[in-house]
Each structure stands twice: as C-alpha cells, then as structure tokens.
Amino acid sequence: MSIELVLIPIAIAATQFTSEQIKKRKEKSESYLLSSYMKDEKLLQQALEQYGCSTVMLEDSNIALHNGAHQMAFYKNVEDIFDLVADSSVSQEDAEQFLHHIQDEYTRILQQETYQKLLERAQKQGYVLESEEITDNNSIVLTFKV
Amino acid sequence: MDQRIKIEIGPDGKIKAETLGLKGKECLEFLEKLENMLDAETVDSAFTDEYYETSQLVDKQSITQQSRRGKE
C-alpha cells in the first residue's frame, strides 16, 4: 500500500461531510429554505423525476417542481449549491423528509454515473479491470492493474 | 511488484481510493490522475507505511551520495 485517498465528486458539496446536513433558515414568513449538498442540475432533475415529481427548468439552472399537491423549487445559492424553497403549505418535517429522499436518489444516480465514467476512462488509460464487487453497504469496489 | 488501484464508490457518492505497489512520488502523481478520471476532489489523504519506507530509502541514498561528494 502506498497512499489512501478520500474523494468527493464535484457534483456534491464537500460540506456534506463536515457540517450539519440540513440547515434551516427562515427567509420570509411565507416560505422557508433548506440547504442541500447537491450541485448538478441534470442529476437533480433526474432524481426528482425518478422520485415521481414533475419538473420545470427555470432560468439560472433553478428547478420548479410539483410533488403531489405541493409546489416547491430548488434554487442555486451563491456557492452554486441547491437550496430547497418551500412555502408554508408544506410542513418543515415533510420538506425535510422529501429532501432526504431526493438526496438519496441523487447520490444513487451519482454512484452509477461515477462507476460508468470510471470504467470508460480507466479503459482509455489502459488500466485492466481485475475485480469488481458490491459490498454489503452497496459500495462498488473496483480493482485495476495500472 | 504489480501496481494496482483499488477504488470504492459509496452509495453516498463518496469515493475511497488506495494505490497498491506505487512508490514515493508515483503516488502523488496518481492523485491528480484520479481526480480527473473521477471528476472529484481529494478531501483527505494518508500515506501508508510503504510510502514512508520508500521515501526513507530515497533520503538515505541522497544523504550517502551527498556525503561521498563531500569527501571528494
């Protein structure tokens, strides 16, 4: 063994692992905002649609969505990370649970995308895939001869 | 020894990578390569015993060579 690394895909804000996952901040009395770690609008849109939401792309990569009777939106903040904005018709508990599910879906899609990207790029580099396994916690472990 | 990389992609998106059989500076060169391949940023890294063993060997050789040059 020579070196061990921990990497975070650029589609995820690194703060996910260093701070509270969800921070709440009241903006106005009619609406509130929940912070997320999601940064990639295409992955987010895919996650929302796979969860059963209908989405509309707005300007500046923002996304409006319908989840059942509720209307919410994801807006990119100054750090280029999405915040979920919901109005008072949605309870904070429901909004937090919804965000939790969407983030789970988002990272699941990201895992598959990273896996595909790695296989393609490793092959281009001439690396030989020696083994591949799925662990009990659903991690994908790949070993390449380089 | 054969050179290998072991990469674990977690369901939370986090990626762990480990180089096997890569020595000294080769490991550091691999950091950038892996970041580009995975579209990811390194947030933590730790050298293992093998890295230090190799580095110490290189340092020892450098010192010996410098010492010889000094005597000449």
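Predicted model: local features only at pLDDT ≥ 70, side-chain atom pairs only at ≥ 80, totals over all residues.
Q: How many residues of chain B are in contact with chain A?
A: Contact here is counted between heavy atoms within 4.5 Å. On the side of chain A, 37 residues take part, and the number in contact with them on chain B is 43.

Q: What area do chain A and chain B bury between them?
A: The size of an interface is often given as the accessible area lost when the parts come together. For chain A and chain B, 59% of that buried area lies on carbon and sulfur atoms, and the area itself is about 3,800 Å².

Q: Which residue of chain A meets Asp2(B) in a salt bridge?
A: Side chains of opposite charge can pair when their charged atoms come close. Between chain A and chain B the count is 4 salt bridges, and 19 residue pairs are in polar contact, both residues being at pLDDT 80 or more. In the salt bridge of Asp2(B), the N to O distance is 3.7 Å, and the partner is Lys145(A).

Q: Which element gives the largest share of the side of chain A that touches chain B?
A: Strand S1 (3-9), helix H2 and strand S9 (140-145) of chain A each supply at least two residues of that side. Its residues divide into 21 nonpolar, 10 polar and 6 charged. The largest share, 11 residues, comes from H2(A).

Q: With which residue does Glu41(A) form a salt bridge?
A: Over all chains the count comes to 9 salt bridges. The one formed by Glu41(A) links distant parts of the chain, since Glu41(A) lies in helix H1 and its partner, 35 residues apart, lies in strand S6 (residues 70-76) of chain A. The closest N and O atoms are 3.2 Å apart, and the partner is Lys76(A).

Definitions and conventions
Residues numbered from 1 in each chain as written. Chains lettered and ligands numbered in written order. Heavy atoms only, no water. Buried area = accessible area lost by both parts, 1.4 Å probe. Salt bridge = Lys/Arg side-chain N within 4 Å of Asp/Glu carboxyl O. Polar contact = N/O pair within 3.5 Å; in protein donor to acceptor, adjacent residues only side chain to side chain. Helix = DSSP H or I, 4+ residues; strand = E, 2+ residues; numbered from the N terminus. Nonpolar A, V, L, I, M, F, W, Y, C, P; charged D, E, K, R; others polar.
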